[in-house]
Amino acid sequence: MTFLIQQTMLYAIPLMIVALAGVFAERSGIINLALEGIMIFGAFIGVLFVNLVQQAGIFNAAYEAGNWIALQGFELLAMLVSAIMGAVFSLLLSFASVNLKADQTIGGTALNLMAPALVLFFIRIIASQNTLQMATGNAAGWFMIQKSDFGYGRNEEMGFFGSTFIDRTYLATYVCILLFIILSVLLYKTRFGLRLRSCGENPQAADSLGINVYKMRYAGTTISGALAGMGGFVYALTTANCSANGDVAGFGFLALAVMIFGNWKPLNIAGASLLFGLFKCVAAAYTSIDINGDGVFLLAELGISAHFYRLLPYLITLVVLAFTSKRSRAPKAEGIPYDKGQR
Amino acid sequence: MSGKLSKLWRKDGTKSVVSSLISILIGLTVGAVIILIMGLANSNLGLRSVWEAIRLEFLGLFSTGRGAGGVLTFGFNPVNMGDMLFRATPLILTGLSVAVAYKTGLFNIGAPGQYLMGTAFTLMLALGIPTETVPAPVVWVIAFLGGILAGALWGCIPGLVKAFLNINEVLACIMTNWIAANVVTWIFDGSVFRNTVENTKSAYIYMTSHNGVQTAKMGLDVIFPNSQVNGGILIAIVIAILMYILMNKTTLGYQLKACGSNRHAARYAGIADKRNIVLSMAIAGGLSGAAAALYYLSGNTEFFWNTYQSLPATGFDGIPVALLAVSNPIGVIFAGCFMSMLDVVGQQITNLTPYNEYISDVIVATIVYLSAFSLAIKMLLTGRRKKKLSETAAGTERILTGEAPPPDETTAPPDRGTVEKGGDEA
């Protein structure tokens with residue numbers, strides 16, 4: 001059970017935060033199809049930062065001394081850097097779709113093509129191979145919170161809560177959850193959030209009330225880019241041993257699916273991403289999941305192919321869309337470039 | 001003379017060609033700048049390699065390797081030319097797939113999925129039908145048609161949900177892409193088509209030449225000796241011409257395009273809009289399937305079947321091809337060749353300099369990015385001209401040309417299908 005929860009969280013949290021990234025862009029009226037590309041870019045930047053700092057040897061002393069709090073600070077710093085660069089990268093999309101009134105779908109596709117190309121071009125020159133890894137050690141050794149950090153011995157138990165939510169987890173996961181809550185409140189309970197959402201519903205009306213639609217759309221896409229960039233790094237850190245290879249296995253597109261599945265609402269998105277994370281986890285590890293701890297591997301014995309679990313999230317999204325498309329509430333002005341002169 | 005020139009200049013097609021050429025030039029320049037920055041930032045690379053890489057970026061197609069003294073030499077290189085044509089074959093077809101859908105108001109980002117389904121069925125038919133009993137050319141035809149059919153059926157899915165349930169085709173396409181990636185892996189996992197003869201190759205399917213099925217060379221190997229080229233390129237060009245005739249010279253093409261420019265107006269004019277949306281996605285899917293069929297039936301290509309984590313780049317490359325060609329089927333032939341030329345160029349850069357082939361992907365992405373707003377600017381220009389026309393002709397022009405009535409407040413012109421009565425669509 002502990003294993004199942006931890007694995008699900010591992011997949012669900014990056015999905016959740018990137019889906020929220022999608023919400024911020026779409027609620028301000030910009031379709032952000034580039035989530036995948038920004039994730040790839042963010043993952044690369046984060047890993048590159050970790051690699052360079054390790055080479056400079058800034059945190060080596062802390063690592064030798066087992067100072068895990070300093071290492072968590074290093075992790076947060078890497079997240080921050082990837083968020084900033086993700087935001088910068090997303091400016092390409094905002095510039096094209098806000099200032100130049102370009103087709104947002106094509107703009108997003110361009111970013112999705114650009115990110116892996118650029119990233120692989122650099123990685124190949126830096127690392128002489130297609131994967132960029134940490135300079136020394138591995139993600140678990142440097143960044144994972146272990147029970148030994150709290151003075152527990154090898155054979156001591158932390159209890160169910162401790163071993164599920166503290167031992168062998170990453171701080172990044174909890175930072176993402178915290179950010180998710182803060183930003184959801186920002187979107188729904190503040191003046192800024194209301195204004196942002198109004199630009200995605202009826203920008204003409206928003207403009208007539210003195211809200212700068214262009215600024216709001218820039219804000220929405222930039223927050224979106226920052227979250228997606230950070231989500232990309234968190235994905236690379238927690239599921240790919242802090243390495244970047246110009247690929248996030250379609251997580252950005254899956255996040256889009258989660259966003260639509262969650263009907264553009266944060267609470268639904270949290271639920272949907274947990275569901276999707278569960279499927280991802282089942283597909284990846286269904287042969288070794290023992291749900292109630294009686295030694296019976298139920299899912300493996302059902303004999304359903306792993307491929308089926310893998311395609312299930314996408315299939316469910318399509319089916320759910322089919323049933324709810326009449327009630328689904330996409331932001332009204334999404335995808336339409338705002339033109340002041342238009343009625 | 002100058003009058004003729006300005007007339008030519010004012011033509012819509014000329015503008016498209018010029019804007020595409022400008023996009024290409026900017027894209028190549030961006031690639032060169034990135035090479036330059038990388039060369040300056042990294043002391044191991046040196047200015048000499050920068051200059052070589054930039055020259056190769058523009059002229060890589062004519063590269064003949066290094067001559068005496070390690071100097072880059074250029075000239076006619078039949079291998080490069082033939083490989084370019086070989087790689088252009090699937091690109092032309094996926095480009096057509098995206099272009100035809102785009103003409104009918106749909107953004108077919110589902111080409112990778114359709115391509116994968118086409119691949120799977122082509123390979124199963126080409127390898128599954130014993131050539132001892134059925135003659136190889138017949139198997140080839142069956143496999144080719146099977147690939148097209150598989151792609152068309154897979155393309156129907158987004159079309160159906162778009163037409164009947166009003167789900168945005170972009171999202172449906174993305175979902176069907178990943179479903180296809182998993183389904184194809186599932187089909188081949190544990191199948192008899194896996195290459196077990198060569199131990200070094202894990203997760204590859206046999207080449208179709210294993211069963212004696214391969215595309216005829218049609219004499220192209222005489223012109224381009226030692227290259228991979230085969231008759232597939234001629235078939236692709238014929239298909240492109242057929243698509244041009246279908247879209248521009250037939251009633252069906254007119255109906256499809258009418259649905260694309262305004263679905264509601266088309267229905268008002270008595271065109272079955274739902275049928276046409278499904279049909280155009282089916283045609284698009286069939287073209288992607290054909291791309292896969294021609295690529296894998298060539299007999300010298302292998303399919304990596306464990307593909308559930310990534311989608312084939314050829315499918316996505318259809319998007320830049322179509323955008324570069326401004327969705328013109330004839331233009332797609334040239335755009336496809338240009339894209340495959342970049343591919344060859346990337347290979348030359350990897351082989352001859354410390355840089356690598358991903359620079360050509362950067363160039364492509366830049367071109368797509370530029371085309372995102374070159375399209376918008378063009379729309380703006382034509383939109384303005386129309387406004388002036390309608391002022392003078394009091395709207396008669398619109399009715400005569402079968403254009404949409406003025407949009408209401410909730411619909412933004414031009415209705416490209418992504419947004420309709422906002423909110424209804426998921």
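Colleague: Which hand does the crossing of α2(A) and α5(A) have?
Modeller: In this predicted model, the crossing of helices α2(A) and α5(A) is left-handed.

Colleague: And at what angle do they pack?
Modeller: Helix α2 of chain A, residues 35-56, packs with α5(A) at an angle of about 25°, and their axes are 7 Å apart. Since angles under 35 degrees count as roughly parallel, that makes α2(A) roughly parallel to α5(A).

Colleague: Which residues make the contact?
Modeller: From α2(A) the contact takes A:Glu36, A:Gly37, A:Ile38, A:Ile40, A:Phe41 and A:Phe44, while α5(A) brings A:Leu111, A:Asn112, A:Met114, A:Ala115, A:Pro116 and A:Val119.

Colleague: Switching to the dimer side of things, how many residues of chain A are in contact with chain B?
Modeller: On chain A there are 45 residues in contact with 49 residues of chain B. Three helices of chain A, namely α5 (104-127), α12 (251-261) and α15 (306-324), each supply at least two residues of the side that touches chain B.

Colleague: Which of them gives the most?
Modeller: That is α5(A), with 13 residues on the side of chain A that touches chain B. Taken as a whole, that side of chain A divides into 26 nonpolar, 11 polar and eight charged residues.

Colleague: Over in chain B, how do α4(B) and α12(B) run relative to each other?
Modeller: The axes of α4 (residues 78-103) and α12 (residues 273-296) of chain B come within 8 Å and cross at roughly 175°, which makes α4(B) roughly antiparallel to α12(B). The residues of their contact comprise 14 nonpolar, five polar and no charged. Among them are B:Leu93, B:Leu96 and B:Val100 in α4(B), and B:Ile283, B:Leu287 and B:Tyr295 in α12(B).

Colleague: New topic, the backbone: what is the phi of A:Trp264?
Modeller: A:Trp264 has a positive phi of about 65°, although it is not a glycine. Most residues other than glycine have a negative phi. The residue lies in the loop between α12 and α13 (266-285) of chain A.

Colleague: Is A:Trp264 buried or exposed?
Modeller: A:Trp264 is buried, because 22 other C-beta atoms lie within 10 Å and the cut-off for buried is 20 or more.

Colleague: What about B:Asn166, where is that one found?
Modeller: B:Asn166 is found in the loop between α6 (136-165) and α7 (169-188) of chain B, and its phi, near 60°, is likewise positive in a residue other than glycine. With 17 other C-beta atoms within 10 Å, B:Asn166 is partly exposed.

Note on methods: Residues are numbered from 1 along each chain as its sequence is written. Chains are lettered from A and ligands numbered from 1 in the order in which they are written. This is a predicted model: local features need pLDDT of at least 70, side-chain atom pairs count only at pLDDT 80 or more; totals for chains, interfaces and linings use all residues. Axes are lines fitted to C-alpha atoms, for helices over the stretch in contact, and angles run from 0 to 180 degrees between N-to-C directions. Helices (H or I, at least four residues) and strands (E, at least two) are DSSP runs, numbered from the N terminus. Angles under 35 degrees count as roughly parallel, over 145 as roughly antiparallel, 65 to 115 as roughly perpendicular and the rest as oblique. Two residues are in contact if their C-beta atoms, placed from the backbone, lie within 7 Å. Ala, Val, Leu, Ile, Met, Phe, Trp, Tyr, Cys and Pro count as nonpolar, Asp, Glu, Lys and Arg as charged, and the others, Gly among them, as polar. A crossing is left-handed if the near helix is turned anticlockwise from the far one by less than a right angle, and right-handed if clockwise. A residue is buried if 20 or more other C-beta atoms lie within 10 Å of its own, exposed if 12 or fewer, and partly exposed in between; C-beta atoms are placed from the backbone.
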